[in-house]
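Here is a set of questions and answers that walks through one protein, from its overall plan down to single residues. Each answer works through a few steps before it gives the value or name asked for.

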Amino acid sequence: MSQERSLSAAPIGVDRQYVTIGIASETIAIAVAQVQEVLDVQPFIRIPNMPAVVRGMIDVRRRAIPVFDLRLKFGLSATEETPQTRIVVLDLIRDGSLRRVGILADRVFEVTELDQTNVDPPPDIGMTWQSQAVVGLGRRNGALVIVLDVNSLFDAHDLPPALSAAPSPTLIPQSGG
């Protein structure tokens, strides 16, 4: 019997485990259920006319996946690779399809629970947040942590259908009889 993977994410604030990463001086939390793996930086292949926010494509177990520079996505300067720079491979749900992408992180801290199970909504400061993907603020060891909904992080311009469509796990041929 084949295993099916749900194509819906858990509601924000329900997840208790997060992968915390560093982007510039900020700590960002991503639900561990969406993180597939963390890789050392490897050479990128650039495709002509690729959006600027896409650093390039990498090969992960014979699958080409796009790697996004999260610093550029957040309006910061491009990531300068250091020994701590990592690629975080994520599974996203876009238009009912599973998409696998990578994001560059300046550093990866840990898999952890936040101090409280509730994530506070972004404060009302009289303006719209730059990113619809910032779902709120949590706390880790008393410090504020930005909690992201990675399903909302990328728009159609960033993530064209052919760029990162991943086959559904239920469609992968099974070996044997």
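Helices, with at least four residues, and strands, with at least two, are DSSP runs numbered from the N terminus. The structure shown is a predicted model.

Q: How many helices and how many strands make up the secondary structure of the protein?
A: Read along the sequence, the elements follow the pattern β-β-β-β-β-α-β-β-β-β-β-α. Counting up the secondary structure of the protein in this way gives 2 helices and 10 strands.

Q: What percentage of the 177 residues of the protein count as buried?
A: A residue is called buried when its relative accessible area is under 20%. The protein exposes about 10,000 Å², and carbon and sulfur atoms supply 52% of that area. Of the 177 residues, the share that counts as buried is 40%.

Q: Which residue in E2 does Ile23 stand opposite?
A: Strand E1 (residues 17-23) and strand E2 (residues 26-31) run antiparallel and are joined by 6 bridges. Across this pair of strands, the residue in E2 that stands opposite Ile23 is Glu26.

Q: Which residue in E6 stands opposite Val38?
A: Strand E3 runs antiparallel to strand E6 (residues 86-94), and 5 bridges join them. In this pairing, the residue of E6 that stands opposite Val38 is Val88.

Q: Which residue in E7 stands opposite Asp69?
A: Strand E5 (residues 63-69) is mostly covered, since 5 of its 7 residues are buried. E5 and E7 run parallel, joined by 3 bridges. The residue in E7 that stands opposite Asp69 is Leu104.

Q: What distance separates the C-alpha atoms of Ile65 and Val101?
A: Ile65 lies in strand E5 and counts as buried, because its relative accessibility is 0%. Leaving out residues up to four places away in sequence, Ile65 touches several residues, including Ile58, Val89, Arg100 and Val101. Although Ile65 and Val101 are 36 residues apart along the chain, their C-alpha atoms are separated by 5.5 Å.

Q: Is Arg100 buried or exposed, and which side chain does a polar contact of 2.7 Å join to that of Arg100?
A: Arg100 belongs to strand E7 (residues 97-105). Its relative accessible area is 19%, so Arg100 is buried. The polar contact of 2.7 Å joins the side chain of Arg100 to that of Asp91.

Q: Is Arg71 buried or exposed?
A: Arg71 is placed in helix H1 (residues 70-73). Not counting residues up to four places away in sequence, it touches Ile23, Ala24, Leu76, Ser77, Ala78, Thr79 and Asp106. Because its relative accessible area is 14%, Arg71 is buried.

Q: Which residues have the most contacts inside the largest nonpolar core?
A: Nonpolar side chains tend to be buried together in soluble globular proteins. The largest nonpolar core here has 24 residues, and those with the most contacts inside it are Ile21, Ile30, Leu90 and Ile103.

Terms used
Residues are numbered from 1 along each chain as its sequence is written. This is a predicted model: local features need pLDDT of at least 70, side-chain atom pairs count only at pLDDT 80 or more; totals for chains, interfaces and linings use all residues. Side-chain values use heavy atoms; hydrogens and water are left out. Buried means under 20% relative accessible area, exposed over 50%, partly exposed in between (1.4 Å probe, protein chains only). A polar contact is a pair of N or O atoms within 3.5 Å; within protein, one must be able to donate a hydrogen and the other to accept it, and residues adjacent in sequence count only if both atoms are side-chain atoms. Accessible areas come from the Shrake-Rupley method with a 1.4 Å probe; for residues, only the protein chains shown count as cover. Two strands pair if DSSP finds at least two bridges between them. Contact means heavy atoms within 4.5 Å. A nonpolar core is a set of buried Ala, Val, Leu, Ile, Met, Phe, Trp, Tyr and Cys residues joined through side-chain atoms within 4.5 Å.
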